[in-house]
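Please look through the structure below before reading the notes.

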Amino acid sequence: MSTRAIPFVFVLITCAIGSAAVAQKMPELARPDPAPPNAALTTPIEFYLAHGDADACGPGCSEWIAADGKIDVGAADRFRQLLKTLGDRRPPIYFHSPGGKVNDALELGRIIRDKKFEVSVGQTVPLGCGGDKQSVHSCAARKRAGQAVEAEISPTAYACNSSCVYVLAGGAVRRVPPWVKLGIHDLGIDPGTSVPRGVSLTTVMQLSHARVRNYLRAMGMDDALFAAAVATPFVSFKLLQRDDIVRFGLDRREFGEAVWRFFDEPAPKIRKLFFVRTDGDQPHYVDGVLEMGCNGGRGMYLLLARQQLGSDTDPAGSTAMSIAINGKQVAMNRKASANFYVRLGLMATSAFDTVGDKATIELPGSELGRTMLGNVTLTLDGFSAAYAKLQPRCSAATGALRWPTPAQSAAGDPRNPASQLGQSRKWGTLPDALAAAPNTPALWHQTLELARVAAAEQKSQLDFLYKILLGCSSAGQLTVRVVEEPQHGTLSIEKGQASTDFPKDDERAACNARKSDGTLVFYQSSADYRGADSITLYVVSPLGDGVTRHYAIDVK
């Protein structure tokens, strides 16, 4: 049998669904009891037209193609079917995929290059497509007809790994968002097939490697991308940092920024992500984030955080600096952090009421490792809409902003891979700086005082903790630490499902009609005890915000 006739369908690239993006390194083999995988990453890849608010998919972009799921046989044909409904339109494509069949990934990439599509990474969350059969059927019909489905791009969930990276390489324009890391590894053999008789596995792998290498060269990628993938065992993975992404040619920009986005839980805030090149002969890049939120009824805070650099000085000796937002100076003081370079400033609630999207933010180059390259100017695209949601919440907010104490900051070592294996994660969850790994303190947190009544000697539910996205899907597992144990009873924290309680004017109010995944908090008093008790929990959401929840319990 001629080796040229060997079908390449035997070769499959997959990724370990739910593996971590925050950790720089992970063990290559066993991993204990992963949480149930994200359905969007395990179903066959689906392509459909999505429509969102202004700037939903970038400055001036409100329409895009969603590409969510595992790349399977037939993926390219489904993409062609969508193209027939688009005519000459070429909206950007946002991929959220763990990878899959190599053959089909390369075919997709060629179509995308031939049609000159722009590509990026992000999970599309359809709106109004759940809750009842009629909504589900209506959305499915719109997708099949090539009609746009109202949606948003998740601000936190990003995954493009294994063969998805090869599809991404096919983009005529490639934009990898700030903080996103791409996962690569070597090819693997599909366990559902067998190598043809008379053909060695070595031959199949050699031909498969040659095909992928030639494809990447045709797409203008550096040979180092293929070499890095082949050098990483199939049972493991390598996360491409921004330096790699630029060097390999996947996204050669030296600066990139996202639009401002609003976050509602567990405390209201708006964020802008960006990356910049730093000084030095060898190209190096840092990811950064600007965050604005409520300071407990005492105005707002502005936070600048970025990845650490070797040139960073001790926070204790740092002097104040300022950031210019539309010409207004905000004084920023250095804050100690074990993992990031952080500046924090406070301002009045109405400080930026008149600032519009056409204004700019000037960041001193010295704060970003750019003394020679100079200052960085960020746009305020999306700011007006995001700020309009934040400002009234800050006016009514209670509870002061608190910085983590030294004890909280020393709570654990986030660099310990063993401590991270049991957590439910997605490669590329954003932003990694603020998505708290186990035992990683959040950049800041609030304290909530809560009152509960518990029946004596009975197991009582004190709380149901959750983080639900638009569309009623869970954003991921919360990290819950016990700060104060009860003095007169026992505390138990369990994963489970219960009903949410979003207010009627919340876009997720429809989620209250179903059971959602989350964390249940239970308390049971000691025998014959009546009176007061209390517990304190420190809860970190998948978005990285920490909230201290103190429960005053009246046992009756």
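The points below are grouped by topic. The model is predicted, and the protein averages a pLDDT of 81. Its largest nonpolar core has 51 residues, and a second, separate core has 33 residues.

**Confidence**
- Of the residues, 81% score at least 70 in pLDDT.
- Residues 1-37 stay under 50 in pLDDT; the model has 111 contacts beyond four places in sequence for this stretch.
- Residues 398-445 are also below 50 in pLDDT, and the model gives them 158 contacts beyond near neighbours in sequence.
- Where pLDDT is low, the predicted coordinates should not be read in detail.

- Beyond its neighbours within four places in sequence, Ile 93 is in contact with Ile 65, Ala 67, Phe 79, Ile 112, Phe 117, Glu 118, Val 119 and Ser 120.
- The second core includes Phe 262, Cys 294, Val 355 and Leu 380.

**Helices α5 and α6**
- Helix α5 spans residues 201-218 and helix α6 spans residues 223-230.
- Their axes come within 9 Å and cross at roughly 150°; because angles over 145 degrees count as roughly antiparallel, α5 is roughly antiparallel to α6.
- The crossing of α5 and α6 is right-handed.
- On the α5 side, the residues that meet α6 are His 209, Val 212, Arg 213, Leu 216 and Arg 217; their partners in α6 are Asp 223, Leu 225, Phe 226 and Val 230.

Terms used
Residues are numbered from 1 along each chain as its sequence is written. This is a predicted model: local features need pLDDT of at least 70, side-chain atom pairs count only at pLDDT 80 or more; totals for chains, interfaces and linings use all residues. Side-chain values use heavy atoms; hydrogens and water are left out. pLDDT is the predictor's confidence in each residue, from 0 to 100. Contact means heavy atoms within 4.5 Å. A nonpolar core is a set of buried Ala, Val, Leu, Ile, Met, Phe, Trp, Tyr and Cys residues joined through side-chain atoms within 4.5 Å. Buried means under 20% relative accessible area, exposed over 50%, partly exposed in between (1.4 Å probe, protein chains only). Axes are lines fitted to C-alpha atoms, for helices over the stretch in contact, and angles run from 0 to 180 degrees between N-to-C directions. Helices (H or I, at least four residues) and strands (E, at least two) are DSSP runs, numbered from the N terminus. Angles under 35 degrees count as roughly parallel, over 145 as roughly antiparallel, 65 to 115 as roughly perpendicular and the rest as oblique. A crossing is left-handed if the near helix is turned anticlockwise from the far one by less than a right angle, and right-handed if clockwise.
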